[in-house]
Amino acid sequence: MDTKVYELINDQINKEFYSAYLYLSFADYYEEEGLKGFANWYEIQAQEERDHALIFRNYLHENGCKVKLTAIDMPDKTFSNYLEPLEAGLEHEKYVTSLINDIYAAAAEAKDYRTMKFLDWFITEQQEEEDTADTMITRMKLFGGDARTLYDLDQENAARVYNTPSPLANA
């Protein structure tokens, strides 16, 4: 595997674990605010981010590469209203998309077609992640100011269940 591609993928593992920490901090905020449904949504999101790290980890191992785990930064966001974590989530997903794009570009430059194909799943996943985050912001802006509809949104988020991502389910 090309050195630059390897380093970017290995770094992505650690960034995905950071994403899990970040989303757990969002879950904690909502839990402490009494919105257990939103907390559930972000707990599951954190689990998905951990899974993304494992998918990248497995890919490195499948290609005979050593995984180097590094320290994970502590999330540093604080919130003063229910909308802020959602906006921070969209901002973070756009950042992750840029990281995936950087790996893809490095793989394309190295003519590493296997890695490019591997990344296709993440490209689709990031499109879904950004769309979902944007929808959550829109719905909070439309309905979050009313206690009854905020309760309904919270109940909707409480119904979210974890699904193993297909690259792990098929591993």
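This is a predicted model: local features need pLDDT of at least 70, side-chain atom pairs count only at pLDDT 80 or more; totals for chains, interfaces and linings use all residues.

Visitor: Which side chain does Arg139 meet in a salt bridge?
Guide: That's Glu156, at 2.5 Å from N to O. Arg139 sits in helix H4 and Glu156 in helix H5, so the pair ties together parts 17 residues apart in sequence. Glu156 is partly exposed too, with a relative accessible area of 44%.

Visitor: How many salt bridges turn up in the whole structure?
Guide: Five. One of them joins Glu48 and Arg160 at 3.0 Å, N to O. Glu48 belongs to helix H2 and Arg160 to the loop between H5 and helix H6, so this pair links parts 112 residues apart in sequence. Both Glu48 and Arg160 are buried.

Visitor: OK, packing now. At what angle do the axes of H1 and H2 cross?
Guide: Roughly 170 degrees, and the axes come within 8 Å. That crossing makes H1 roughly antiparallel to H2. Their contact has 18 nonpolar, five polar and seven charged residues.

Visitor: Which residues touch the most other members of the largest nonpolar core?
Guide: Among them are Tyr23, Phe26 and Phe38, in a core of 25 residues. H1 supplies the largest share, eight residues.

Visitor: And what is Phe38 in contact with, leaving aside neighbours within four places in sequence?
Guide: Its partners include Tyr30, Leu86, Met136, Met140 and Leu150, plus Asp154 and Asn157.

Note on methods: Residues are numbered from 1 along each chain as its sequence is written. Side-chain values use heavy atoms; hydrogens and water are left out. Axes are lines fitted to C-alpha atoms, for helices over the stretch in contact, and angles run from 0 to 180 degrees between N-to-C directions. Helices (H or I, at least four residues) and strands (E, at least two) are DSSP runs, numbered from the N terminus. Angles under 35 degrees count as roughly parallel, over 145 as roughly antiparallel, 65 to 115 as roughly perpendicular and the rest as oblique. Ala, Val, Leu, Ile, Met, Phe, Trp, Tyr, Cys and Pro count as nonpolar, Asp, Glu, Lys and Arg as charged, and the others, Gly among them, as polar. A nonpolar core is a set of buried Ala, Val, Leu, Ile, Met, Phe, Trp, Tyr and Cys residues joined through side-chain atoms within 4.5 Å. Buried means under 20% relative accessible area, exposed over 50%, partly exposed in between (1.4 Å probe, protein chains only). Contact means heavy atoms within 4.5 Å. A salt bridge is a side-chain nitrogen of Lys or Arg within 4 Å of a carboxyl oxygen of Asp or Glu.
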